[in-house]
Amino acid sequence: MNTSCKPNTELYRCIWNSSSPICKGDLARGLLPFFSKNEIRIRRGTRKDRAVVSMSRTEAAEKSNGLTYKDAGVDIDAGSELVKRIAKMAPGIGGFGGLFPLGDSYLVAGTDGVGTKLKLAFETGIHDTIGIDLVAMSVNDIITSGAKPLFFLDYFATSHLDVDLAEKVIKGIVDGCQQSDCALLGGETAEMPDFYADGEYDLSGFAVGIVKKDSVIDGKNIEVGDVLIGLPSSGVHSNGFSLVRRVLERSGLALKDNLPGSSLSLSEALMAPTVIYVKQVLDIISRGGVKGIAHITGGGFTDNIPRVFPKGLGALIYENSWDVPPVFKWIQEAGRIEDAEMSRTFNMGIGMVLVMKEDAALALLQDGHGKNSVYRIGEVVSGDGVSYR
């Protein structure tokens, strides 16, 4: 199961020590080390000097007068501390999804919301795709274990029920479930007068999938030299919007204005629904050679990729090995955001990372994987954290 501080914290919930993911009682119990309060554990080298950078977010912000996620009200370190405390009370919590033994299989469950992207839905009036985001955030988590989603449930809460608006939201949820090839099994609609502002609502979702015990993707066999394959995102997806909204305020632009460097408006670029990777990832898994999978959400590359590695291994990312969508370039420039902060907050154009045996990765790249783009974005190296070259 995933644990959550509150719907809009936009933080990853649970850490899975992939070196021993199935422990006593067949449940994942280990925790990976957390990042220290002030330091981003990222070694970032520029193409000019390949320098190693280890700088606190506070120091970086002071030097650039740039925005940080913490400035926008989201403290990833505080969320990490809460996860550590929860782990003491409920040591059976898992990784991206929680595993529950059932015969020769595991049920894999996940829960999430869409964060403060809802604020932009209210401002833009775009409500028919936010349900896709909701489904995506849960099903994309559970497929990291190799699980096929079985069913989804939703929770829709509002002050006064607007039937037409709610229908648009549910339509997106249905669409997301169809993309995931899973059933919308049920849900809850809560009308709570005076609890939410007029015209606003909140969402959460819950997905359950299944995978055979001998087919679980757990990362325990990852080794130096394995290849990192990246699957492109559609943009910001559903994380980091507290910072996005702060950048929007600073930029002086309106949501109806064009995104610089793009033919899209800011509202179209920012509200692009999260990619649902279920069918693509399950197809790649069926070909063999997949050792670990990381869903790139809150925490970006910096926090999410190491979650699937055994102790002592890290990721080397090849810079310029994929196309970074214009929306991230605008966010960074308008917010004067440091590289390390961008990499810890946003997906930067890669929504899912697969760790694969080299021969399987090369076969996938040569095949082109049909209409879906895949990128060779890095490799597994000795050490820890994420470095760039």
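Is Met-348 buried or exposed? Met-348 has a relative accessible area of 15%, so it is buried (under 20% relative accessible area; over 50% is exposed and in between is partly exposed, with a 1.4 Å probe and protein chains only).

1. Basis. This is a predicted model: local features need pLDDT of at least 70, side-chain atom pairs count only at pLDDT 80 or more, and totals for chains, interfaces and linings use all residues. Residues are numbered from 1 along each chain as its sequence is written, and side-chain values use heavy atoms, with hydrogens and water left out.

2. Overall make-up. The chain has twelve helices and twelve strands. Both are DSSP runs numbered from the N terminus: helices are H or I with at least four residues, strands E with at least two. Of the 389 residues, 54% count as buried. Take the contacts (heavy atoms within 4.5 Å) between residues at least 6 apart in sequence: 83% of them join residues at least 24 apart.

3. Positive phi. Met-348 has a phi near 60°, a positive value in a residue other than glycine. Met-348 sits in the loop between α11 (339-345) and β10 (350-356). Asp-194 is not a glycine either, and its phi is positive at about 70°. The loop of Asp-194 runs between β5 (183-191) and β6 (201-212). Asp-194 has 74% relative accessibility and therefore counts as exposed.

4. Helices α4 and α5. Two packed helices are described by the angle between their axes and the distance between the axes. For α4 (residues 130-142) and α5 (residues 163-180), the angle is about 40° and the axes are 6 Å apart. Axes are lines fitted to C-alpha atoms, for helices over the stretch in contact; angles run from 0 to 180 degrees between N-to-C directions. The pair is therefore oblique. Under 35 degrees would be roughly parallel, over 145 roughly antiparallel and 65 to 115 roughly perpendicular; the rest is oblique. The crossing is right-handed (near helix turned clockwise from the far one by less than a right angle; left-handed if anticlockwise). The α4 side of the contact includes Ile-130, Gly-131 and Leu-134, and the α5 side includes Val-169, Gly-172 and Ile-173. By class, this contact has eight nonpolar, five polar and one charged residues. Ala, Val, Leu, Ile, Met, Phe, Trp, Tyr, Cys and Pro count as nonpolar, Asp, Glu, Lys and Arg as charged, and the others, Gly among them, as polar.

5. Gly-131. This residue is found in helix α4. Its relative accessible area is 0%, so Gly-131 is buried. Leaving aside neighbours within four places in sequence, Gly-131 is in contact with Val-169, Gly-172 and Ile-173. Gly-131 and Ser-204 are 73 residues apart in sequence, yet 9.6 Å apart in space, C-alpha to C-alpha.

6. Helices α6 and α10. The axes of α6 (residues 241-251) and α10 (residues 326-335) come within 9 Å and cross at roughly 60°. The two are therefore oblique to each other. Their crossing is left-handed. Val-244, Val-247, Leu-248, Arg-250 and Ser-251 of α6 meet Trp-330, Ile-331, Ala-334 and Gly-335 of α10. The classes are six nonpolar, two polar and one charged.

7. His-295. This residue lies in strand β8 (residues 290-295). At 1% relative accessibility, His-295 is buried. Its side chain makes a polar contact with the side chain of Asp-141 (2.8 Å). A polar contact is a pair of N or O atoms within 3.5 Å; within protein, one must be able to donate a hydrogen and the other to accept it, and residues adjacent in sequence count only if both atoms are side-chain atoms. Not counting residues up to four places away in sequence, His-295 also touches others, including Phe-96, Asn-304 and Met-352.
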